[in-house]
Amino acid sequence: MSALTAHAQTITFSGQACTGSADTYVSSPFDIQGFRFTNSKSSFGFVTPCSGNPVYAGATTLFNVYIGATTTLTSIAGAPFSISSISLAPLFTNTPSPQNIIFTGMLNAGGTVTQTFSVPGSSGAPTLTNFAFSSEFTNLSSLQFGQNDPYYQFTNLDLNVTTTPEPGTLALLGTGLVGLVPMVRRRRV
């Protein structure tokens, strides 16, 4: 007997928030809320624009600092997960044309799923747009997305982690349920 449970959460990077016009550098791998973000090209992996920076998109975001690098998202515990949405924005002000971002989910049982989002350009400060993943982005072992030119930034990842309780927890649950049987029988009589 194994009971699976799902824990919904949103990763916002609020712990990386900064003020002023600079950026804050975030090393790779970067662990947050039970998930790990890894930059394929360097341990000097990600940047967060501070709230006074002209490229600040209205919320704390990350961007991969290397064109052509891949960002990989995994569960630290190795548990399968699903993703339902993400917010994306161009990195720079006045980015005239949209850019396509390809997301590839590695399925826990083998195989892949892909989805492309077109991030609109901006005629001023970058603006976040929320994108919904298809229902195929479930039971993932990892999610990968590359850094394009021009750069883009991301935040608000809506995730569900599927976990199986430890065997000891299941045994304790079973013992408790067995203990309830005599009480239920007494109430029927």
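This is a predicted model: local features need pLDDT of at least 70, side-chain atom pairs count only at pLDDT 80 or more; totals for chains, interfaces and linings use all residues.

Me: Why does Cys-18 count as buried?

Reply: Its relative accessibility is 17%, so Cys-18 counts as buried. Cys-50 comes out at 3%, and therefore counts as buried too.

Me: How do you know that a disulfide joins Cys-18 to Cys-50?

Reply: The rule asks for a pair of cysteine sulfur atoms within 2.5 Å. Here the S to S distance between Cys-18 and Cys-50 is 2.0 Å, and a disulfide joins them. By that rule the count comes to one.

Me: What makes the disulfide of Cys-18 and Cys-50 left-handed?

Reply: The torsion about the S-S bond is about -105°, so this disulfide is left-handed. The two cysteines sit 32 residues apart, in distant parts of the chain: Cys-18 in the loop between S1 (5-11) and S2 (23-26), Cys-50 in the loop between S5 (46-49) and S6 (63-64). Those strand labels are DSSP runs of E, at least two residues long, numbered from the N terminus.

Me: What makes S2 and S6 the edges of their sheet?

Reply: Two strands pair if DSSP finds at least two bridges between them. S2 and S5 have four bridges, in the antiparallel sense, and Val-26 stands opposite Phe-46 in S5. The open sheet has three strands in the order S2-S5-S6, with antiparallel pairing. S2 and S6 each have a single partner strand, so one side of each has no neighbour in the sheet.

Me: Why is Asn-39 called buried?

Reply: Asn-39, in strand S4 (residues 35-39), has 5% relative accessibility, so it counts as buried.

Me: How do you know that a polar contact joins the side chains of Asn-39 and Asn-64?

Reply: A polar contact is a pair of N or O atoms within 3.5 Å; within protein, one must be able to donate a hydrogen and the other to accept it, and residues adjacent in sequence count only if both atoms are side-chain atoms. The side chains of Asn-39 and Asn-64 make one at 2.6 Å. A polar atom of the Asn-39 side chain also lies 3.4 Å from the backbone nitrogen of Ser-42. With contact meaning heavy atoms within 4.5 Å, and neighbours within four places in sequence left aside, Asn-39 is in contact with residues including Ser-28, Phe-44 and Tyr-66.

Me: What makes a set of residues a nonpolar core?

Reply: They are buried Ala, Val, Leu, Ile, Met, Phe, Trp, Tyr and Cys residues joined through side-chain atoms within 4.5 Å. The largest one has 31 residues, with Phe-37, Leu-88, Phe-154 and Leu-157 making the most contacts inside it. Strand S13 (152-163) is among the elements giving two or more residues, and its five residues are the largest share. A second, separate core of six residues includes Val-47, Val-55, Leu-91 and Tyr-151.

Me: Why does Ile-32 count as buried?

Reply: Ile-32, found in strand S3, has 14% relative accessibility, so it counts as buried. Not counting residues up to four places away in sequence, Ile-32 touches Ile-11, Phe-13 and Phe-37.

Methods:
Residues are numbered from 1 along each chain as its sequence is written. Side-chain values use heavy atoms; hydrogens and water are left out. Buried means under 20% relative accessible area, exposed over 50%, partly exposed in between (1.4 Å probe, protein chains only).
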